[in-house]
Amino acid sequence: MPIARTALTVTLAIALAACGGGDGGGTAAAPPSSGGSSGGTTTQGGCSLAERQQFVLDVMDEWYLFPNLLDRNVDPASFTDLQSYIDALVAPARAQSRDKFFSFITSIEEENRLINSGSNAGFGIRLAYDTNANRVFILEAFENAPAFPAGMDRGSELLQIGSQTVSSLMASGGPGAVVDALGPTDPGVARQLSFTDASGATVTATITKAEFALDPISDRYGVEILNDGTEDVGYINLRTFIVENAGPQLRDAFQQFQTQGIDKVILDLRYNGGGLVSVAELLGDLMGAGRQGQVFSNTILRESKSSENETRLFAQQPEAIGVTKLAIIGRRGTASASELVTNSFIPFLGADLALIGENTSGKPVGQFGFDRTACDDRLRAVTFQTTNADDEGEYFTGLASVVDTTCRAEDDFDTPLGDAGEASISVALDFMAGRTCTPIITEQPQGSQTAQSVGGMRMMEPERPTAAQREMPGLF
């Protein structure tokens, strides 16, 4: 049957999310083509589980990047939900770290709202947990969301949810118990939370979840001019590539850098799970002045779909600078479009590009979105791999295996993002100035749904994340 890839839905993300798609990331603005075998959105058929499973199988048979790594012997009747069936289909690819829960089912309506306006619901915080100490911390707070005006911010510790202490929840049921206690991500859901504020004082407040738009670049710390001891360095903390308004904000940032003559840049992508490929391409252009017409990235599909392959060249942008030295702050939650941008600059910068922090997720593959509108189903299926100008793109074990220069650094969440004294930013500034660092020990990120780590902690994620949680690791 003709299956269509919808034009806003190519995802280049790293499935870091604790539940499955980890699509933490990169949704391309458009597939390589929009006609021919791509067809149109499927509207026919019913929505029984069996019919939805058949839809999934038809798509995977035609489009899946690794056709020889599909388990077609799994019995659809033995599954009670669609995601479990998908997980079983791609288990052979997952065993080779080629589809670490990157293929998944999501809601068309929910994902479109996220892409178009960043709309989602929740408290507006990122959480990470320390299993050994049974503690949960806030890594980041979104300024226009409910938790921030109540006093929650980076470095706060979540102490109690209602009548239950976080330590008791962690001891009895691990992070899943905390996720359950926080409740569904529906507007109007309220919880009494006790937490520490910036001064270390304990605050108790009833906070109600609400719709808020994800702001890709914070007005507080998203763009800074720092100094490495020798000259000024541009700093950008990009939270996500998934929201279309990230483009104008990036243009504004690079216009500042251009005006001040800056050609060394720190990209802080430590929690960035990816997003729109169009935003990743724009970011490349904004750092690629003088490289117009050279290869930014290649998109490669399975052999039977090779007519869909595409090469994307650097394009001219009025705000662009010619980056001579680039530091990428990354962690296990850094995925998809974040890794795409990094990999694309390796051929041009070599040892003048460094990965700072820890190894990344390892997702050089991406997903197209296949819609079954009658059921509000969007299947995100792994359908392509990306490579750079040197045709390199085998970083399934993370970027530390392919970047010439790496520097290990902690995520100092007691210090604000954008602060030159924060541990990862400080190491990035050392790299910029030519000072020495300790290399990252290359190790393969775990192929589990809870592999995202922040120093000695792990990002907290539900078993079945929302579209926003897939793109924004740790978001609640």
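Biologist: Is the crossing of α7 and α8 left-handed or right-handed?

Modeller: This is a predicted model. In it, helix α7 covers residues 277–287 and helix α8 covers residues 337–349. The two pack with their axes 9 Å apart, at an angle of about 35°. Their crossing is right-handed.

Biologist: Which residues in α8 does α7 meet?

Modeller: From α7, the residues in contact are Val277, Ala280, Leu283, Gly284 and Met287. On the α8 side they meet Ala337, Leu340, Val341 and Phe345.

Biologist: How many residues of the contact of α7 with α8 are charged?

Modeller: Eight residues of this contact are nonpolar and one is polar. Gly284 in α7 is part of the contact, and Gly counts as polar. The number of charged residues is none: the contact has no charged residue.

Biologist: Is Phe101 buried or exposed?

Modeller: Phe101 sits in the loop between α3 (91–95) and β3 (104–107). Its phi is near 65°, a positive value in a residue other than glycine. The cut-off for burial is under 20% relative accessible area. Because the relative accessibility of Phe101 is 11%, Phe101 counts as buried.

Biologist: And Asp391, buried or exposed?

Modeller: Asp391 belongs to the loop between β20 (377–387) and β21 (405–408). Phi of Asp391 is also positive, near 60°, in a residue other than glycine. A residue is exposed when its relative accessible area is over 50%. Asp391 has 59% relative accessibility, so Asp391 counts as exposed.

How values were computed: Residues are numbered from 1 along each chain as its sequence is written. This is a predicted model: local features need pLDDT of at least 70, side-chain atom pairs count only at pLDDT 80 or more; totals for chains, interfaces and linings use all residues. Side-chain values use heavy atoms; hydrogens and water are left out. Axes are lines fitted to C-alpha atoms, for helices over the stretch in contact, and angles run from 0 to 180 degrees between N-to-C directions. Helices (H or I, at least four residues) and strands (E, at least two) are DSSP runs, numbered from the N terminus. A crossing is left-handed if the near helix is turned anticlockwise from the far one by less than a right angle, and right-handed if clockwise. Contact means heavy atoms within 4.5 Å. Buried means under 20% relative accessible area, exposed over 50%, partly exposed in between (1.4 Å probe, protein chains only).
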